[in-house]
Amino acid sequence: MALTATQEDVRHLVETLNFAEKVHRSLRLIEQAYDEYGDRIVIANSLGKDSCAVWHLASRVSERIRGFIVTTRFKPQGTKQFMREELERHPGRLKVFESLAEIPDELYKTDPDRCCEVLKVEPTRRALEEMDVACWITGLRCTEGRTRTDYQEIEERDEGLIKLNPILLWYEREVWQYLALNRVPVNSLYGAGYRSLGCEPCSRIATGPDERAGRWIGTSKCGGECGIHTRSLKSDGE
Ligand code: SF4
């Protein structure tokens with residue numbers, strides 16, 4: 001592949017690039033990926049603020065770039081409403097995936113890893129396969145919390161599947177700066193104080209430096225990950 005992972009010190013770049021330089025760098029990364037993979041690049045749109053920024057950036061590169069949304073039966077009403085609005089705003093560009101598998105009651109309490117595996121990771125695998133994705137683009141940022149410090153802008157965690165994290169270097173403030181400057185609509189739940197949005201039983205309003213501290217409170221997964229960034233996403237992987 002023409003794209004090569006940067007060896008630069010991610011932390012140094014986070015702290016030394018200014019907002020405009022970060023935006024420029026993000027656009028360049030998406031442009032390079034689009035040149036390389038064309039219609040086989042896809043945005044993983046979680047409907048959160050970071051995805052909204054990435055979706056807007058990608059749309060500046062090409063309105064042809066598609067995306068997928070993984071939703072679950074436990075998404076808050078505000079997120080379901082925002083999803084409907086996004087689907088209307090971008091007709092034909094976003095595909096929704098959801099697992100209808102039967103799971104035990106309150107699995108999110110007894111085994112949140114399994115719950116996320118069934119409701120989030122499996123539909124993500126399906127999306128990548130069905131959409132014939134060579135490069136998926138995420139809104140992951142390395143300043144979001146304790147579990148997100150070791151990522152690179154370009155990764156190949158699964159052989160043959162590139163993962164691009166074009167806003168890896170952005171601070172939370174810079175995401176809001178970008179969204180405000182470009183008048184990008186966001187989920188109304190941010191107005192209620194949420195900073196990181198997931199399923200209703202597993203998301204709380206958090207304050208303090210760790211943006212993801214409100215996720216999976218009271219479980220071993222607190223502040224952690226659903227698994228789409230940590231598990232194999234090839235269909236035969238676990
Ligand atoms: S975020 Fe919670 S409810 Fe949603 S899939 Fe994961 S454990 Fe289940």
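**Exercise 1. State what share of the residues of the protein counts as buried, and describe the overall dimensions of the fold.**

Solution. Of the 238 residues of the protein, 55% count as buried, where buried means under 20% relative accessible area, exposed means over 50%, and partly exposed lies in between (1.4 Å probe, protein chains only). The model is a predicted one, in which local features need pLDDT of at least 70 and side-chain atom pairs count only at pLDDT 80 or more, whereas totals for chains, interfaces and linings use all residues. Residues are numbered from 1 along each chain as its sequence is written, and side-chain values use heavy atoms, with hydrogens and water left out.

The next step concerns dimensions. A compact globule with 238 residues would have a radius of gyration near 18 Å, and the 17 Å of the protein agrees with this. The radius is taken over C-alpha atoms, and the globule rule is 2.2 Å times the number of residues to the power 0.38. Along the principal axes, the C-alpha trace spans about 45 × 40 × 35 Å.

**Exercise 2. Describe the secondary structure and the sequence range of the contacts.**

Solution. The protein has 7 helices and 6 strands. Helices (H or I, at least four residues) and strands (E, at least two) are DSSP runs, numbered from the N terminus. Read along the sequence, these elements give the pattern α-α-β-α-β-α-β-α-α-β-β-β-α.

For the contacts, consider residues at least 6 apart in sequence: 73% of the contacts between them join residues at least 24 apart. Contact means heavy atoms within 4.5 Å.

**Exercise 3. Locate the ligand and characterise the shell around it.**

Solution. First, the site: the ligand sits in the second largest cavity. On a 1 Å grid over the protein atoms alone, a cavity is a set of points where a 1.4 Å probe fits but cannot get out. A molecule sits in a cavity if more than half of its atoms lie within 2 Å of its grid points.

Second, the shell: F74, Y108, P112, C115, C116, L119, K120, C199, C202 and W216 surround the ligand, each with a heavy atom within 4 Å of it. Helix α6 (residues 112–130) provides the largest share, 5 residues.

Third, the classes: the shell has 9 nonpolar, no polar and 1 charged residues. Here Ala, Val, Leu, Ile, Met, Phe, Trp, Tyr, Cys and Pro count as nonpolar, Asp, Glu, Lys and Arg as charged, and the others, Gly among them, as polar.

**Exercise 4. Which phi values do L47 and D132 have, and is each residue buried or partly exposed?**

Solution. Most residues other than glycine have a negative phi. Phi of L47 is near 75°, a positive value, and phi of D132 is near 55°, also positive. L47 lies in the loop between β1 (41–44) and α3 (49–61), and D132 in the loop between α6 and β4 (135–137). L47 is buried, at a relative accessible area of 4%, whereas D132 counts as partly exposed at 44%.

Definitions and conventions
1 Å grid on protein atoms, 1.4 Å probe; cavity = no way out; pocket = protein on both sides within 12 Å on 5 of 7 lines; lining within 4 Å.
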